[in-house]
Amino acid sequence: MLPLFAALVAASTALLIFAGGLVTSTGSGLSVPDWPNTYGWFMFSFPIDKMVGGIFYEHSHRLIASTVGFLMVVLAGWLWRVEPRRWVRWLGITALGAVILQGILGGITVLWYLPDPISIAHASLAQLVFCLTVTIALVTSPAWTRGYARGGAGTPNDAALQRIALLTTASIYVQIVVGATMRHTGAGLAIPDFPFAFGHLVPPQWDAKIAIHFAHRVGALLVLVGILATTGHVLYHHRDRPELTRPSWLLLALVSVQITLGALTVLSHKQFIINSLHVVTGAIVLVTSLALTLRAHRSRFAERAATTSGASAPFSSQSAGARA
Amino acid sequence: MTSHFRLSWIPTFVLAAITLACGGGQNQAPTGTTAPVANPVDPATAGSVSGRITFEGTPPPATPISMKSDPNCQPGSAAASESIVVGSNGGLQNVFVYVKDGLGNLKFPVPATAVVINQQGCRYAPHVLGIQVGQPLEVLNNDETLHNVHAVAKTNREFNAGQPLKGIKNTFTFTAKEVMVPFRCDVHNWMNAWVGVLDHPFFSVTGTDGTFELKGLPPGTYTVEAWHEKLGTQTQTVTVGEKAIATAAFTFKS
């Protein structure tokens with residue numbers, strides 16, 4: 001039940017990120033001027049018939065955030081009670097703390113009229129919260145506990161894959177932070193055409209917004225290269241490991257969708273649903289890459305567990321990772 | 001006795017410090033080290049500047065506004081954007097015309113009468129207006145829905161006030177001149193207004209015929225600016241003689 005619940009929390013977090021994307025895309029961030037109340041009402045007693053215009057997006061975002069916060073309290077408590085691995089228990093506490101901090105940042109950004117640094121921090125921390133919930137869902141899953149054992153062997157300890165996957169995941173996160181910066185500084189249409197920039201490969205004119213926008217486009221190419229390298233490595237060297245090939249195929253599909261959505265965001269002049277789908281798809285690309293990275297590192301978790309428990313034998317088969 | 005006296009001042013100083021630190025868009029006294037005089041202009045010599053602002057070329061078609069996101073906003077007729085409104089004779093409406101320079105160190109009295117922005121039919125009326133530093137600005141919700149009054153000021157302090165019920169009125173004041181302060185309602189993203197804040201009373205907003213008049217100016221040479229939310233600004237130098245009416249004409253094109 002716990003892995004399923006953790007997966008539910010992760011899915012709720014994705015929904016929350018989409019709702020947050022809608023708030024920014026519709027320019028509704030300040031449609032509710034107060035916080036934590038809503039026009040003086042206690043948040044949960046705000047009349048539904050008053051959720052009009054921008055309030056619909058902002059107040060929905062707050063309600064979903066509160067629900068995710070509640071689910072996170074349950075998840076952290078559940079982990080604390082039943083999870084034998086200390087680091088996983090603390091992962092739950094960390095996720096809960098991150099959600100609380102995220103809520104406070106959300107409140108501050110409203111009360112301070114959406115200052116860019118706070119709004120960007122709010123968007124960036126949301127991705128980390130999503131990463132934490134997905135990590136919890138992954139490491140509590142039965143397959144992780146079994147060490148993804150197939151035919152007596154767990155996930156291979158491939159140092160090259162571990163490095164490249166980690167680098168790719170980190171680059172996706174940086175790319176999302178750049179995207180959040182572009183979004184919150186109003187640079188989303190600083191370069192109005194696609195795939196070119198003012199009809200050129202490189203913008204012929206520069207200012208801060210154009211630089212941020214162009215950095216996001218260059219970042220997309222770098223991320224694509226990283227994903228192609230990671231997935232290419234997996235599909236060439238580990239095609240018999242479904243725990244690696246499945247997220248690889250998914251990653252390839254998602255990054256294709258994401259680049260298409262990015263192009264459509266510009267070409268549609270930031271149509272708010274396309275724009276918000278671009279935000280949430282970016283988050284899903286990140287956690288898919290993270291899941292692949294964690295699985296690539298699965299054997300190291302087992303080694304660590306074996307070392308911690310005093311075992312001298314190197315990792316072998318599924319048994320060593322039973323509680324890693 | 002002396003120490004008691006000094007201690008008794010501490011709360012006063014603290015309150016004064018808090019008041020200064022929290023100074024902002026609401027309920028502020030006008031700034032300035034020199035007190036305004038009752039009337040620095042001699043009415044016997046005062047003149048004025050009048051003129052007309054026109055739009056050259058074919059005006060762009062009015063952009064329709066969809067108010068579907070709030071069923072309480074029911075326009076009587078098809079609503080359209082007010083960003084460029086041109087009268088039948090080419091007069092350009094909603095242009096803020098004001099004396100930008102030339103008044104020197106004159107200080108003018110601040111009217112006690114409030115300027116009113118009415119929110120009705122999920123629109124701001126008027127769409128463009130002027131006000132003096134320290135003069136009260138009343139913003140009234142006349143709709144059966146919620147509005148937020150969000151002034152995106154740069155020089156003055158930004159503020160955002162919720163008006164959840166019909167009949168709610170908020171009063172604001174500005175502490176510094178600023179042309180222009182954008183007002184918007186984030187609930188209804190089509191609602192916007194512009195407020196020109198000045199430290200003198202010589203401003204006007206063009207009506208449907210594009211005319212304006214700046215009355216009661218002391219004789220002198222002034223820089224007059226015409227500001228439009230989409231078409232930018234234009235300036236002219238105008239000399240006003242004793243009891244004379246100077247003219248200025250501006251032409252905007254898209």
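Modeller: In strand β14 of chain B, B:Glu225 is the residue opposite B:Tyr98. This is a predicted model, in which local features need pLDDT of at least 70 and side-chain atom pairs count only at pLDDT 80 or more, while totals for chains, interfaces and linings use all residues. Residues are numbered from 1 along each chain as its sequence is written, and chains are lettered from A and ligands numbered from 1 in the order in which they are written.

Colleague: How many bridges are there between β2 and β14 of chain B, and in which sense do they pair?

Modeller: Five bridges link β2 (residues 96–101) and β14 (residues 220–228) of chain B, in the antiparallel sense. Strands are DSSP runs of E with at least two residues, helices are runs of H or I with at least four, and both are numbered from the N terminus. Two strands pair if DSSP finds at least two bridges between them.

Colleague: What is the strand order of that open sheet?

Modeller: The order is β12-β2-β14-β15 in chain B, with antiparallel pairing. At the edges are β12 (203–205) and β15 (232–240) of chain B, each pairing on one side only. From one strand to the next the twist averages 25°; axes here are lines fitted to C-alpha atoms, for helices over the stretch in contact, and angles run from 0 to 180 degrees between N-to-C directions.

Colleague: Now β7 of chain B. Why is this strand largely enclosed?

Modeller: Strand β7(B), residues 147–151, is largely enclosed by the rest of the structure because five of its five residues are buried. A residue is buried if 20 or more other C-beta atoms lie within 10 Å of its own, exposed if 12 or fewer, and partly exposed in between, with C-beta atoms placed from the backbone. B:His147, B:Val149 and B:Ala151 lie on one side of β7(B), and B:Asn148 and B:His150 on the other.

Colleague: Which strands are joined to β7(B) by bridges?

Modeller: β8 (residues 159–163) of chain B is joined to β7(B) by five bridges and runs antiparallel to it; there, B:Gly162 stands opposite B:Asn148. Two bridges join β7(B) to β10 (residues 178–184) of chain B, also antiparallel, and B:Phe183 in β10(B) is the bridge partner of B:Ala151.

Colleague: Turning to chain A, what are its domains?

Modeller: The assignment gives domain 1 (1–140) and domain 2 (150–312); such bounds come from an automatic or database domain assignment. The centres of domain 1 and domain 2 of chain A, taken over C-alpha atoms, are separated by 23 Å. Their contact takes 19 residues from domain 1 and 21 residues from domain 2 of chain A, where two residues are in contact if their C-beta atoms, placed from the backbone, lie within 7 Å.

Colleague: Which element gives the largest share of the domain 1 side?

Modeller: Helix α4(A) does, with 11 residues.

Colleague: Which residues touch the most other members of the largest nonpolar core?

Modeller: They are A:Ala95, A:Val134 and B:Val97, in a core of 117 residues. A nonpolar core is a set of buried Ala, Val, Leu, Ile, Met, Phe, Trp, Tyr and Cys residues joined through C-beta atoms within 7 Å. At least three residues come from each of domain 1 and domain 2 of chain A. Not counting residues up to four places away in sequence, A:Ala95 touches residues including A:Met72, A:Val129 and A:Ile136.
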